[in-house]
Amino acid sequence: MIPKIAQFLRDHVPATPCLVLDVDRVEENYRRLKDALPLARVYYAVKANPAAPILSRLTGLDSSFDAASWEEIEACLAAGARPDAISYGNTIKKVAAIKAAHEAGVTMFAFDSEPELLKIAKHAPGARVYCRILVENKGAEWPLSRKFGCELEMARELMVKARELGLDPYGISFHVGSQQTSTAAYEGAIARVAMLFTDLKEAGVKLRMVNLGGGYPVRYRQEVPGIDDFGTAIMGAMTRHFGNDLPEMLIEPGRFLVGDAGVVSAEVVLVSRKGKDDPVRWVYLDIGRFGGLAETEGEAIKYTFRTPHDGGSDGPVTIAGPTCDSTDTLYEKSNYRLPLALDCGDRVELLSTGAYVTSYASQAFNGFRPLAEHYI
Ligand SMILES: *Cc1c(COP(=O)(O)O)cnc(C)c1O
């Protein structure tokens, strides 16, 4: 655990459940990412953790931002971001939100369909637009499936149309899925983008930007490739496909910047068994699926636990949250083991919970207070 967070928990013993996040670690992660991909401009995916201290720190580092709603745009502006450093990256936007963003000076918008393109043309005339294409999400532990992006052929037609509508056909984006553990996913996606660049050049539209999206993984229970491996694979593919004519490169990291900067401190509410001789104990925590651990759905993201009894003998457990909803079971099939000495009232820590935890916490499902947050 980050020493500064351990110290904070010791000194303050904050009420649980809470997230403690080291903003300095976010800065370190930002710098590591810039070192790995020096030619790419960083657009932090705000949804990973929209806390003001994170947005301000990143603004100070000259980061840009990928916002998915007018509210996220407002949060970036409030943190001091310039409107031209904000990309409105959601392909599904309300007209009122497009108008508000345009009036606030945001000039970059994503789309993946004709109706959305028409909305942008009407309510943000002249905007720089980029089309999101469908790519493989193989290797992603939190895939984004087919909700976003369109086929290459459609992207080609829409970029031509964008120009006809008086928009600036700026570039192409993709997202290889979150917690992407395979560098090949980016290489495959870049190859598809390069084909589009060629096709569109023949159609007289010269694109200038590739948005490589997010996906860069953090370490949970299992080792993942380092950020340098992603940097090398991405730059290799970019030079292979674009040669000396490299377009502008954007990346939209979310998880990578904030994930390992945060720790959730929680309390064990109950340790029980379903039968006297059942070897599996049920460990109920005061945080669960609705308290922010949404990414445990399908046991997709597997957090690491720290307990006061680590090192002692352990046994198999099912880990669950505190609400009266049976989907509020975190891990049943992932072979989690916890110390036999673990008991009600013990504090446990969930490591690398800085991304997609506070932002997924429900307001007060079942009366449980939303996750408290401490930025240090
Ligand atoms: C969520 C999201 C991201 C961030 O993804 P990570 O896997 O957290 O890096 C980036 N871009 C878009 C468009 C997103 O929706």
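The model is predicted: local features need pLDDT of at least 70, side-chain atom pairs count only at pLDDT 80 or more, and totals for chains, interfaces and linings use all residues. Residues are numbered from 1 along each chain as its sequence is written, and side-chain values use heavy atoms, leaving out hydrogens and water.

An automatic or database assignment sets the domain bounds, giving domain 1 (23–258) and domain 2 (260–375). Their centres, taken over C-alpha atoms, lie 33 Å apart. Domain 1 brings 23 residues to the contact and domain 2 brings 23 residues, where contact means heavy atoms within 4.5 Å.

How much area is buried between domain 1 and domain 2? The figure is about 1900 Å², and carbon and sulfur atoms give 53% of it. Buried area is the accessible area (1.4 Å probe) that two parts lose on being put together, summed over both. In domain 1, the residues that lose the most area to domain 2 are Trp142, Tyr220 and Arg221, together 38% of what that side buries.

Finally, two salt bridges are counted between domain 1 and domain 2. On the side of domain 1 that touches domain 2, there are eleven nonpolar, five polar and seven charged residues. In this scheme Ala, Val, Leu, Ile, Met, Phe, Trp, Tyr, Cys and Pro count as nonpolar, Asp, Glu, Lys and Arg as charged, and the others, Gly among them, as polar. Thank you.

Notes: A salt bridge is a side-chain nitrogen of Lys or Arg within 4 Å of a carboxyl oxygen of Asp or Glu.
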